[in-house]
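Thank you all for coming; I would like to take a few minutes to walk through one model with you. Please have a look at the sequence and the structure first, and then I will go through the computed values.

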Amino acid sequence: MKKTLLTLGHGYCANALSHLLLPLGWTIYGATRFSHKKSQIRGKKVVPVTFSSDAIKNLLSEVSHILVSAAPTEDGDPVLAELQNEIKEIVRTVTWVGYLSTTGVYGDHAGGWVNEQTPLSPSTSRGRLRKFAEEQWQAIPDLPLHIFRIASIYGPGRTSFSKLRKGTARRIIKTGQVFNRIHVDDIAQILMASINKPNSSAIYNLCDDTPAPPQDVIAFSAKLLNIPAPPEISIDKAGLGALARSFFAENKKVRNDHVKKDLGVTLRYPNYKVGLQQLHADGE
C-alpha cells in the first residue's frame with residue numbers, strides 16, 4: 001500500500017494521526033493557510049504545504065490518502081470550493097479520503113441515543129454547516145469517502161486543568177444535560193484503523209462509551225488536582241454568550257458500536273475518568 005497522506009487543515013487530530021503514521025514510514029503533507037503554522041508543522045516532521053496553492057493540486061495526483069479537517073463556511077466546504085475539479089479527477093487513484101465532521105449534525109434528541117442511521121437534524125449553525133459539507137463530499141461520484149462524526153475532543157493541552165488552577169472553571173448545570181467526548185489518541189487510532197480497513201461511504205461516530213454531565217467532568221478534574229470543585233451554577237444564571245449557550249442547545253447520547261464492530265477498535269480511554277487520570281499522570 002502506498003503511504004502518502006495529505007492533510008487539508010493540519011490541526012490537532014491530524015497531528016495525532018501523524019504520530020502514529022510517521023514511524024511506519026509514511027510521508028505526510030500538511031496543508032495550512034497560515035504561514036506561522038508552517039514551522040510548527042515542519043517541526044513535527046510533516047511537510048508543510050500552503051493551502052490554496054498549485055503545490056496542493058500537484059500533490060493530489062501523487063497522494064494515496066487524504067484527511068480533510070478544514071472547517072466549513074457559509075459557502076460550504078472550503079476545500080471543495082477550490083479543489084473540487086481536481087478531487088473529482090483522482091477518484092480512481094486515491095485509496096482513502098477521510099472527512100472530519102461532528103456529532104452536532106444529529107441535533108437535539110432530549111438526551112436520547114443516536115447512531116449513524118439517525119436522521120440528521122442539526123439545530124446549530126455549526127451542525128448545519130457540517131451537514132452541508134458532508135453532503136457536498138458525498139455528492140462526488142466514486143470517491144472513497146469515510147465520514148467521521150466526532151464528539152467533543154480532549155487530550156494534551158485540551159482539558160479543564162488549566163482553568164481549574166486559575167480559578168476560572170465553572171460547573172454549569174442544565175438538568176439532564178450530557179455531553180459526548182473522545183480522547184484525541186482514540187480519534188487517531190480509529191482513523192488509522194479505517195486507513196488499514198477502507199470501506200467507501202462508511203460513516204463512523206467517534207466518541208467514548210460514557211456520555212456525562214459537564215459538571216461531573218469538572219468535579220472529577222478538580223479531584224485529580226486535589227483542589228475544591230467550583231460551585232454549581234444554573235445555566236440560567238451563568239450569563240453565557242450565544243456561542244457558549246449553543247453548546248447546551250443539543251442533548252444526546254451517541255453510540256460508537258460501529259467503530260468497534262467494523263474496525264475492531266478497542267478504545268484506550270472508554271470514559272473521561274480514565275482519560276483524565278492518564279493526562280494528569282502525564283503532567284497536564
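Predicted model: local features only at pLDDT ≥ 70, side-chain atom pairs only at ≥ 80, totals over all residues.

How far apart are the mean positions of the positive and negative charges of the protein chain? They are 6 Å apart, for 35 positive and 25 negative charges, where Lys and Arg count as positive and Asp and Glu as negative, with His and the chain ends not counted, and where the place of a charge is NZ of Lys, CZ of Arg, CG of Asp or CD of Glu.

Residues are numbered from 1 along each chain as its sequence is written, and side-chain values use heavy atoms, with hydrogens and water left out.

Let me start with the overall fold. Along the principal axes, the C-alpha atoms fill a box of roughly 55 × 40 × 35 Å.

Of the 284 residues, 50% are buried, meaning under 20% relative accessible area, while exposed means over 50% and partly exposed lies in between, with a 1.4 Å probe and protein chains only. Among contacts with a separation of 6 or more, 79% join residues 24 or more positions apart, a contact being heavy atoms within 4.5 Å.

Now to helix α8, residues 214-225, which has 12 residues and reaches 17 Å from its first C-alpha to its last, close to the 16 Å expected at 1.5 Å a residue; that expected span is 1.5 Å times one less than the number of residues. Nine of the 12 residues of α8 are buried, so this helix is largely enclosed by the rest of the structure. Among those buried residues are V217, I218, F220 and L224, and what covers the buried set includes α6 (161-166), β9 (171-173), β10 (181-183) and α11 (272-281). After α8 comes N226, whose phi is positive, near 60°.

Helix α7 can be described in a similar way. Its 13 residues should span 18 Å at 1.5 Å a residue, and its end C-alpha atoms are 19 Å apart, which agrees. α7 is mostly covered, with 10 of its 13 residues buried, including I187, I190 and L191.

I150 is found in strand β7, residues 145-150, and is buried, with a relative accessible area of 6%.

Finally, two loop residues. D142 lies between α5 (125-138) and β7, with a positive phi near 65°, and S201 lies between α7 and β11 (202-206), with a positive phi of about 75° although it is not a glycine. Are they buried or exposed? D142 counts as exposed at 61% relative accessibility, and S201 counts as exposed at 61%.

Terms used: Helix = DSSP H or I, 4+ residues; strand = E, 2+ residues; numbered from the N terminus.
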